[in-house]
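Biologist: Please walk me through this one, in plain words.

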Amino acid sequence: MDDYILRVENLSKEFVQADRKVQVLKNLNLSVLSGEFVVIAGKSGSGKSTLLSILSGLEQPTGGSVVFQGQNIGILSEDQLAPIRNRKIGFVFQAFHLIPSLNALENIMFPAELKKDGNARDKAMKLLERVGLSQRAVNFPFQLSGGEQQRVAICRALINNPAIIYADEPTGNLDSDNSAAVIKLLDELHRDRKTTLVVATHSHSLADKAGRVIRLHDGRIVDGGGR
């Protein structure tokens with residue numbers, strides 16, 4: 001039985017800037033076990049965010065394959081990718097990306113409502129309780145601190161019980177106390193739920209919690225990619 005939830009082979013990504021091709025990712029190979037906690041580390045500009053966007057189906061690669069649960073998602077259309085992202089993949093952004101017109105509870109419910117889950121409200125409330133924010137359920141994003149917004153964003157990523165969660169610099173916009181709280185939350189959720197976590201971060205504290213660190217430099221993996 002294949003225990004790998006994710007396999008990437010010869011992955012590349014190019015962008016065109018001012019009529020010039022810029023290769024951001026260069027022939028990457030990596031694999032992630034189901035239930036693993038992996039950190040992707042590297043300096044700004046190394047390709048971390050682009051890699052996460054491709055792994056999660058938010059962008060398509062220029063070349064190579066991204067095989068998630070046995071399916072090459074790198075060649076799927078947007079219509080084919082949308083239900084996979086909604087049901088099987090969670091994403092936590094550095095800038096939170098909560099919907100301003102929805103309160104905390106409604107933001108968390110949103111992905112579950114997209115798949116017509118009749119238990120969306122109960123599930124969202126339980127998640128808010130899990131992260132200590134049940135008293136903030138009716139507050140809108142502008143009424144929440146950065147740390148509270150990120151906890152709401154993590155709950156939103158968890159609502160559909162995804163097979164894998166990607167997080168792009170989840171502590172990047174937080175102060176040290178809130179960063180510590182979010183790191184503790186991610187670590188606890190990984191251990192309690194056995195959800196696969198792939199996190200791009202500069203945080204040494206977060207990297208210390210991971211089972212493996214994949215290091216990127218100039219769009220290439222220099223350490224930790226294979227098994």
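Modeller: First, a word on names: helices (H or I, at least four residues) and strands (E, at least two) are DSSP runs, numbered from the N terminus. Also, this is a predicted model.

Biologist: OK, what's the average pLDDT of the protein?

Modeller: The mean is 92, and 98% of the residues score at least 70.

Biologist: And where is confidence lowest?

Modeller: In helix α6, residues 176-193, with a mean of 88. The highest is helix α3, residues 104-114, at 96.

Biologist: Switching to the open sheet, what order do its four strands take?

Modeller: The order is β2-β1-β4-β5, and the pairing is antiparallel. β2 (20-33) and β5 (71-72) are the edge strands, each pairing on one side only. Between β4 (residues 63-68) and β5 there are two bridges, and V67 has N72 in β5 as its bridge partner.

Biologist: Which strands does α1 touch?

Modeller: α1 packs on that sheet and touches β1 (4-17), β2 and β4. The direction of α1 makes about 120° with that of β1.

Biologist: Why is α1 said to be largely enclosed?

Modeller: Because seven of its eight residues (the helix spans 48-55) are buried. The buried ones are K48, T50, L51, L52, S53, I54 and L55. Just after α1 comes G57, with a positive phi of about 85°.

Biologist: New topic: how many residues sit between β9 and β10 in their hairpin?

Modeller: Two, and D218 in the turn has a positive phi of about 50°. β9 (residues 212-217) and β10 (residues 220-223) are antiparallel, paired over three bridges. R215 has D223 in β10 as its bridge partner.

Terms used
Residues are numbered from 1 along each chain as its sequence is written. This is a predicted model: local features need pLDDT of at least 70, side-chain atom pairs count only at pLDDT 80 or more; totals for chains, interfaces and linings use all residues. Side-chain values use heavy atoms; hydrogens and water are left out. Two strands pair if DSSP finds at least two bridges between them. Buried means under 20% relative accessible area, exposed over 50%, partly exposed in between (1.4 Å probe, protein chains only). pLDDT is the predictor's confidence in each residue, from 0 to 100. Contact means heavy atoms within 4.5 Å. Axes are lines fitted to C-alpha atoms, for helices over the stretch in contact, and angles run from 0 to 180 degrees between N-to-C directions.
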